[in-house]
Amino acid sequence: MDSTFIIEKSVVIVIVFAVTMLMAMYSTWAERKVAAYLQDRVGPNRAGWGGLMQPLADGLKLFSKEEFFPNTPNRFLFIVGPAIAMSTALMTSAVIPWGDRLHLFGRDILLQATDINIGLLYFIGVVSIGIYGIMIGGWASNNKFSLMGAVRAASQMVSYEVAMGLSIIALLMMTGTLSLKEITMQQSGMNWNVFYQPLSFLIFLICAFAETNRTPFDLPECETELVGGYHTEYSSMKMGFYLFAEYANMFISSTIIAILFFGGYNYPGMQWMVDNVGVNIANLLGMLALFIKLCFFIFFYMWVRWTLPRFRYDQLMNLGWKILIPLSIINIIVTGIVILRADIIAYLGF
């Protein structure tokens with residue numbers, strides 16, 4: 001492993017980290033603007049150029065607010081909780097293919113921090129660890145509302161991760177790989193997986209709302225019942241980490257949806273652009289295409305939040321266990337039958 005490769009990967013990792021933080025930061029601004037538009041208001045328009053500096057003002061406010069700790073014997077875990085939530089939210093971006101490659105300085109630079117053959121499994125595993133940050137923080141707060149929010153988050157995560165995993169199995173049966181790069185490459189042009197697995201996409205999208213604790217699945221931080229949920233006792237930047245982790249997870253989950261079902265960085269005519277215009281311009285347009293797709297899903301998250309009411313907890317559990325999981329199993333069976341039929345037809349030469 002030469003030093004140039006290490007420098008190249010370090011630069012890519014820093015850029016990916018910066019983009020994730022920037023998107024999470026400005027998602028807070030976009031959320032307020034979308035809410036204001038839907039409610040016929042103006043939204044943030046004072047800080048900076050038309051309110052564009054509002055996220056920086058919010059971050060400065062959180063950093064400057066007073067730090068306080070509840071009367072808890074678990075102060076260390078109280079600090080570790082938001083750190084785990086934020087760390088896992090940032091770790092998931094390591095396996096995402098943001099584009100194909102750029103040819104710079106005589107080298108082909110892969111637009112991905114690391115291309116591992118189990119990238120999708122890595123994503124699911126790291127997302128699963130993120131719930132420990134919420135559970136630890138809620139339990140260490142020594143507050144009944146925080147503990148109840150943590151218990152809700154844990155049971156919600158367990159319930160909807162099953163359906164999410166099953167929805168991905170049907171997709172894996174079709175693609176035959178766990179590599180996010182290979183899944184993206186299989187969808188060149190308009191050969192998107194959403195056309196072949198619409199039910200998987202719908203189940204995955206609903207589970208993504210639950211995994212990110214977004215409305216109508218934001219029961220762990222239900223203000224009307226639990227004050228602030230699992231982060232009731234948190235202040236200053238520790239609370240900011242929880243809030244940033246939610247928006248970072250929203251950004252990453254939108255990116256994963258775009259990659260798994262909508263072709264990722266692929267767009268119609270991409271191969272023609274590579275052959276006639278150049279690899280760099282074609283792949284930069286691919287990155288732009290990916291960001292357009294993921295920004296649409298971020299907007300969809302916000303649109304749903306300011307449109308639909310919050311579920312009751314029994315409705316949340318019934319949807320996960322009685323509807324989504326059976327639908328996922330049926331989808332796996334139907335996908336298996338279709339693949340088996342296609343293999344039999346190919347074998348017999350019909």
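**Salt bridges at a glance**

Arg-312 and Asp-314 join their side chains in a salt bridge, at 2.9 Å from N to O. A salt bridge here is a side-chain nitrogen of Lys or Arg within 4 Å of a carboxyl oxygen of Asp or Glu. This is a predicted model, in which local features need pLDDT of at least 70 and side-chain atom pairs count only at pLDDT 80 or more, while totals for chains, interfaces and linings use all residues. Residues are numbered from 1 along each chain as its sequence is written, and side-chain values use heavy atoms, leaving out hydrogens and water.

**The overall set**
- The structure holds nine salt bridges.

**A link between two helices**
- Asp-58 and Arg-32 meet through their side chains in a salt bridge of 3.0 Å, N to O.
- Asp-58 belongs to helix α2 (residues 54-64) and Arg-32 to helix α1 (residues 3-38), so the pair ties together parts 26 residues apart in sequence.
- Helices are DSSP runs of H or I with at least four residues, strands are runs of E with at least two, and both are numbered from the N terminus.

- Asp-58 is buried, at 15% relative accessible area, whereas Arg-32 is partly exposed at 36%.
- Asp-314 is partly exposed as well, with 38%.
- Buried means under 20% relative accessible area, exposed over 50%, and partly exposed in between (1.4 Å probe, protein chains only).
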